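Welcome to this short tour of a structure that may be new to you.

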Amino acid sequence: MTQAIRTSTGEPLPLPEGIQGIVADWSSDQRAFKNVPWGKAMMWIFLLSDTFIFSSFLISYMTVRMSTTDPWPNPSEVFALTLFGKKIPLILIAIMTFVLISSSGTMAMAVKFGYEKNRRMTFILLLITAALGATFVGMQAFEWTKLIVDEGIRPWGNPLGAAQFGSTFFMITGFHGTHVSIGVIFLIIVAIKVVRGDLDHERPGFMTGRKGKYEIVEIMGLYWHFVDLVWVFIFAVFYLW
Amino acid sequence: MAHAEGQQHPIATHAEGQQHPIGIYLKIWGLLFVLSTASYLVDYFHFQGYLRWFLIILFMLLKAGLIVAVFMHMLWERLALMYAILVPTLLLMVLLGIGALEADYTFFTRGVFFVKGLF
């Protein structure tokens, strides 16, 4: 080893980059995730576990869809809507996708304005995000109603073909919709914290002694983007496949 | 801030967290709209077979990549975090493979045993 190790420089040592950086970070006998608040690292790890849950659902869906001998109902027709006298395939799902992507965009900007300590803009953008999320859940409720009441689709069977269609559909979109609903509630909580100035004055939150900081907006954002991310996969493999 | 030690990262990260110009979010937002429209059009124009599957997977992965990289700021994180989160997801490919094998076998046995009058 020709590299000399500097000690006591009076200023923080530069962190190594690349593979050497990974080894240094993980072996440093300190926290492994530098440059991120621990709440953010923990949110990432939670999201990793959630990834495994949703992947298990989607892979089970693939397994039952591949192994059924009954015809699979065509999602393009099941989720068609009649608008202005014309039957448009999958249009409701497309609108839901755009709504959720838009909410992701406003969330990303809320994080940016949060770190700039722009309370007003952060609050407004968080509320828009929550409103778009609530719109998404509302459209999902409409979609479920249409499927259950009009088309007679049940978790244990449906008149269109393979029984597994209903069970996987309600399981996957139900779990995702729950995530969106929880996200909307927390978006409103974070928005209230922002507008009250809790984060500027570092007031500890409900049930915690930790000081309020604008990083909670980014942590909220990670969760919200993840919900959007999961929808990307559901949209592709369930609705389009 | 407590986590400010060693902030020598060349790009973007400093004690106050991730700060990027608003333009990048708007551009990615636009790009996600374009990609979503494209994947919707795959269905609208009734592409079938391998072309359909290829396009669906392509647009799906591009969208997922943009969301994780830019909206979730993974692009600007240190490699230690990036690998800790992204590498374990590759294990899911194993589960995917096992699921596909199992499904093939189930489909085969159903084909054999569900045919009436065979046994």
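## A residue to start from

Leaving aside residues up to four places away in sequence, A64(B) touches L229(A) and V232(A). Touching here means contact: two residues are in contact if their C-beta atoms, placed from the backbone, lie within 7 Å. A64(B) sits in helix α2 of chain B. Is A64(B) buried, exposed or partly exposed? With 16 C-beta neighbours inside 10 Å, A64(B) counts as partly exposed. A residue is buried if 20 or more other C-beta atoms lie within 10 Å of its own, exposed if 12 or fewer, and partly exposed in between, with C-beta atoms placed from the backbone. A64(B) is also 32 residues from L32(B) in sequence, while their C-alpha atoms are 9.3 Å apart in space.

## How to read the model

This is a predicted model, in which local features need pLDDT of at least 70 and side-chain atom pairs count only at pLDDT 80 or more, while totals for chains, interfaces and linings use all residues. Residues are numbered from 1 along each chain as its sequence is written, and chains are lettered from A and ligands numbered from 1 in the order in which they are written.

## Chain A

Chain A has seven helices and two strands. Its elements run α-α-α-β-β-α-α-α-α from the N terminus on. Helices (H or I, at least four residues) and strands (E, at least two) are DSSP runs, numbered from the N terminus. The radius of gyration of chain A is 23 Å, well over the 18 Å that the globule rule gives for 241 residues, so chain A is more spread out than a compact globule. That radius is taken over C-alpha atoms, and the globule rule is 2.2 Å times the number of residues to the power 0.38.

Along the principal axes, the C-alpha atoms of chain A fill a box of roughly 75 × 50 × 35 Å. Of its 241 residues, 37% count as buried. Among contacts in chain A with a separation of 6 or more, 66% come from residues 24 or more positions apart.

## Two loop residues in chain A

D29(A) lies in the loop between α1 and α2 of chain A. Its phi is near 60 degrees, a positive value in a residue other than glycine. With 6 C-beta neighbours inside 10 Å, D29(A) counts as exposed.

L90(A) is found in the loop between β2 (86-88) and α4 of chain A. L90(A) is not a glycine, yet its phi is positive, at about 60 degrees. L90(A) has 21 C-beta neighbours inside 10 Å and counts as buried.

## Chain B and its helix pair

Chain B has four helices and zero strands, and its pattern along the sequence is α-α-α-α. Of the 119 residues of chain B, 23% count as buried. Among contacts in chain B between residues at least 6 apart in sequence, 45% join residues at least 24 apart.

How do two of these helices pack? The axes of helix α1 (residues 22-44) of chain B and helix α2 (residues 49-71) of chain B come within 10 Å and cross at roughly 165 degrees. That makes α1(B) roughly antiparallel to α2(B). Axes are lines fitted to C-alpha atoms, for helices over the stretch in contact, and angles run from 0 to 180 degrees between N-to-C directions. Angles under 35 degrees count as roughly parallel, over 145 as roughly antiparallel, 65 to 115 as roughly perpendicular and the rest as oblique. The residues making this contact include I24(B), I28(B) and L31(B) of α1(B), and R52(B), L55(B) and I56(B) of α2(B). By class, the contact of α1(B) with α2(B) has 14 nonpolar, one polar and two charged residues. Ala, Val, Leu, Ile, Met, Phe, Trp, Tyr, Cys and Pro count as nonpolar, Asp, Glu, Lys and Arg as charged, and the others, Gly among them, as polar.

## Where the chains meet

How many residues does each chain bring to the contact? Chain A brings 51 residues and chain B brings 53 residues. On the side of chain A that touches chain B, α1 (18-26), α2 (38-67), α4 (91-115) and α7 (215-240) of chain A each supply at least two residues. That side of chain A has 32 nonpolar, 13 polar and six charged residues.

One helix pair spans the two chains: the axes of α1(A) and helix α3 (residues 79-89) of chain B come within 8 Å and cross at roughly 85 degrees. α1(A) and α3(B) are therefore roughly perpendicular to each other. G18(A), G21(A), I22(A), D25(A) and W26(A) of α1(A) make this contact with L79(B), A80(B) and Y83(B) of α3(B).
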